[in-house]
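Please describe this model for a reader who wants each geometric term tied to its cut-off.

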Amino acid sequence: MSSTTMVNISSSVGKNVSLSCAVNSNDTFVVQIQWQKQVGHDQEEQIVIYNPTHGKNKSPGHKGSLRAITNPSSGRPESFHLDLEDLELQDSALYVCDINTSPSGTIRQYVNLQVKGKQFS
């Protein structure tokens with residue numbers, strides 16, 4: 001079983017934003033999480049991958065840091081945030097979060113980030 005959701009977020013140049021991706025079940029075990037940025041019609045660039053066994057792997061050249069929030073009762077991660085700082089106009093994009101879980105399968109969540117304002121150089 002897999003599921004897909006879409007969220008729209010609007011922010012301004014120079015601000016910070018946190019894109020959220022969540023698991024909604026206490027009996028789901030997270031195998032791996034991956035954040036990507038859509039750069040073409042069907043192209044996605046990997047930003048960061050997290051695996052509970054192997055840790056984080058961030059792609060060079062991408063801004064953003066991964067933060068996990070743990071459920072206090074189960075001790076398992078329940079949401080994963082891609083924190084983007086000092087937004088620029090080119091950060092406007094569709095961001096894709098894939099959470100590979102057991103036994104539920106892949107949970108895919110889309111976050112459409114629209115950055116507004118003037119870019120100062």
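## Loop, sheet and pairs

Leu89 counts as partly exposed because its relative accessibility is 33%, where buried means under 20% relative accessible area, exposed over 50% and partly exposed in between, computed with a 1.4 Å probe on protein chains only. The model is predicted, so that local features need pLDDT of at least 70 and side-chain atom pairs count only at pLDDT 80 or more, whereas totals for chains, interfaces and linings use all residues. Residues are numbered from 1 along each chain as its sequence is written, and side-chain values use heavy atoms, with hydrogens and water left out.

Leu89 belongs to the loop between β7 (77–84) and β8 (93–102); strands here are DSSP runs of E of at least two residues, and helices are runs of H or I of at least four, numbered from the N terminus. Between the C-alpha atoms of Leu89 and Thr101 there are 33 Å, although these residues are 12 apart along the chain. Asp86 is placed in the loop between β7 and β8 too, and has a positive phi of about 50° although it is not a glycine. Most residues other than glycine have a negative phi, and most peptide bonds are trans. A cis peptide bond, with omega of about 10°, joins Ser102 and Pro103, and Pro103 lies in the loop between β8 and β9 (105–116).

| Residue | Relative accessible area | Class |
|---|---|---|
| Leu89 | 33% | partly exposed |
| Asp86 | 48% | partly exposed |
| Ser11 | 14% | buried |
| Phe80 | 0% | buried |

Ser11 is found in strand β1 (residues 3–12). Leaving aside residues up to four places away in sequence, Ser11 touches Asn16, Leu87, Gln114, Val115 and Lys116, a contact being heavy atoms within 4.5 Å.

An open sheet of 3 strands runs in the order β2-β7-β6 with antiparallel pairing, where two strands pair if DSSP finds at least two bridges between them. Its edge strands are β2 and β6 (65–70), each of which pairs on one side only. Neighbouring strands of this sheet are turned by 25° against each other on average, direction ignored; the axes are lines fitted to C-alpha atoms, and angles run from 0 to 180 degrees between N-to-C directions. The antiparallel pairing of β2 with β7 extends over 6 bridges, and Ala22 has Ser79 in β7 as its bridge partner.

Which residues does the disulfide join? Cys21 and Cys97 are joined, with an S to S distance of 2.0 Å, a disulfide being a pair of cysteine sulfur atoms within 2.5 Å. The pair links distant parts of the chain, since Cys21 lies in strand β2 (residues 17–22) and Cys97 in strand β8, 76 residues apart. The torsion about the S-S bond of Cys21 and Cys97 is about -90°, and the disulfide is therefore left-handed. Both Cys21 and Cys97 are buried.

The structure also holds 1 aromatic pair. Tyr50 and Phe80 form this pair, which is tilted, with 6.1 Å from centre to centre and 40° between the planes; rings of Phe, Tyr and Trp (its six-membered ring) pair if their centres lie within 6.5 Å, and planes under 30 degrees apart count as stacked, over 60 as edge-to-face and the rest as tilted. Because Tyr50 lies in strand β4 (residues 44–51) and Phe80 in strand β7, the pair ties together parts that are 30 residues apart in sequence.
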